[in-house]
Amino acid sequence: MTSGKISKIKERFLKEVEEEKDAGKKRKICKKYIEEDLASVFSLVKNLSGEKRGEVGRAANELREFITKKMEGEKREEVAEKARIDVTFPGTEPDLGSLHPLTVLQKRCEEIFQKMGFVVAGGPELENEWYNFDALNFKKDHPVREMQDTLFAKQKDRGSLSEKEKLLMRTHTSPVQVRYMENRKPPFRIIVPGRVFRNETTDNSHEINFYQLEGLMVGEDVSIANFRAVIGYFLQQLFRAKVKLRLRPSFFPFTEPSFEVDVSCSICDQKGCSVCKQTGWIEIMGAGMVHPNVLRSAKVDPDKFTGFAFGCGLDRIAMIEHKIENVRLFYSGDLRFLKQF
Ligand code: DAH
């Protein structure tokens with residue numbers, strides 16, 4: 001055994017580690033050299049004598065130190081390699097949500113009306129009888145109260161409460177007309193998008209809750225002509241097409257005169273399709289000139305001010321827009337449905 005032999009071992013070792021790329025495997029090579037090659041050198045050194053033993057022993061010790069350092073270096077490298085983050089690697093895609101189709105429609109409606117100077121207003125969903133019915137000119141014994149199947153709140157001694165104390169889930173967004181007007185001075189231009197509730201048996205076109213868009217414009221000379229212009233613009237923007245309007249006489253306690261508004265079917269260009277039920281017209285909203293009694297409820301002078309109001313169902317518009325046949329899908333929370341929007 002000579003120190004020259006040890007240099008040879010070192011050369012062999014260096015060649016072997018250099019050829020290996022993987023830090024873990026490099027470390028294994030180091031281990032092998034210490035435990036096998038160097039261990040046998042040391043066992044031979046013991047038998048050498050005097051000067052030679054010192055010289056070879058020193059060389060062997062130096063090589064062991066060299067390999068040990070290398071081994072520790074590779075260990076650090078190995079750990080670093082495992083912890084290294086490849087910033088170019090594509091990440092895990094987060095499961096992003098999206099806006100509900102009714103929210104998207106509501107926002108679009110708000111934008112269209114805001115362009116015409118309308119303000120978005122709101123009111124409580126848990127309403128009282130006065131705002132929901134009395135203030136809107138529904139007479140106490142008027143059969144129209146029966147027309148709306150109402151979800152009344154359970155209250156102790158309800159019979160002895162005043163109309164303002166009797167609670168119910170609002171059946172329409174119209175009560176916000178009075179709530180908004182009573183604390184402010186005309187002119188008014190508002191829309192009220194919101195959730196309403198009915199005591200319904202559900203089917204494809206009925207739900208116990210749905211969304212409405214209410215509108216109200218009150219001023220000194222507001223007329224049906226203004227209504228036609230505002231609603232014409234709204235529907236044209238909404239359906240992204242030139243549309244025709246048709247007003248048919250109707251009845252609501254809170255408007256006089258009252259009418260139903262039909263819009264020409266832009267899906268079939270009035271040729272007749274399933275959406276317009278072959279009539280060329282789609283019934284889109286109820287509307288009318290605000291009844292003087294409603295203005296009085298809100299402390300607005302009906303001799304000085306007039307106005308129009310309207311209310312439409314957002315669910316129905318969304319169903320037409322997306323050709324959805326079952327209103328209940330909007331409230332099902334079914335991701336297979338929601339992910340399509
Ligand atoms: N509130 C009515 C309903 O729920 C809709 C409506 C009709 C609102 C005529 C109005 C209106 O403002 O003028 O059926």
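Start by selecting Lys-15 and Glu-19: both lie in helix α1, 4 residues apart, which is about one turn of the helix. (Helices here are DSSP runs of H or I with at least four residues, strands are runs of E with at least two, and both are numbered from the N terminus.) Before going further, note that you are looking at a predicted model, where local features need pLDDT of at least 70 and side-chain atom pairs count only at pLDDT 80 or more, while totals for chains, interfaces and linings use all residues. Residues are numbered from 1 along each chain as its sequence is written, and side-chain values use heavy atoms, with hydrogens and water left out.

Now show the side chains of that first pair. Lys-15 and Glu-19 meet in a salt bridge, 3.6 Å from N to O; the term covers a side-chain nitrogen of Lys or Arg within 4 Å of a carboxyl oxygen of Asp or Glu. Side chains of opposite charge can pair when their charged atoms come close. Are these two buried or exposed? Lys-15 counts as exposed at 56% relative accessibility, and Glu-19 counts as exposed at 57%. (Buried means under 20% relative accessible area, exposed over 50%, and partly exposed in between, using a 1.4 Å probe and protein chains only.)

Asp-37 counts as buried, at 15% relative accessibility, whereas Arg-12 counts as partly exposed at 43%.

Next stop: Lys-166 and Glu-163. The closest N and O atoms of this salt bridge are 3.3 Å apart. Lys-166 is buried at 13% relative accessibility, and Glu-163 is buried with a relative accessible area of 18%. How many salt bridges does the rule give? The count comes to 18.

Together β6 and β7 form a hairpin, with 4 residues between them. To finish, click on Leu-247 and look across to β7, where Val-261 stands opposite.

Methods
Two strands pair if DSSP finds at least two bridges between them.
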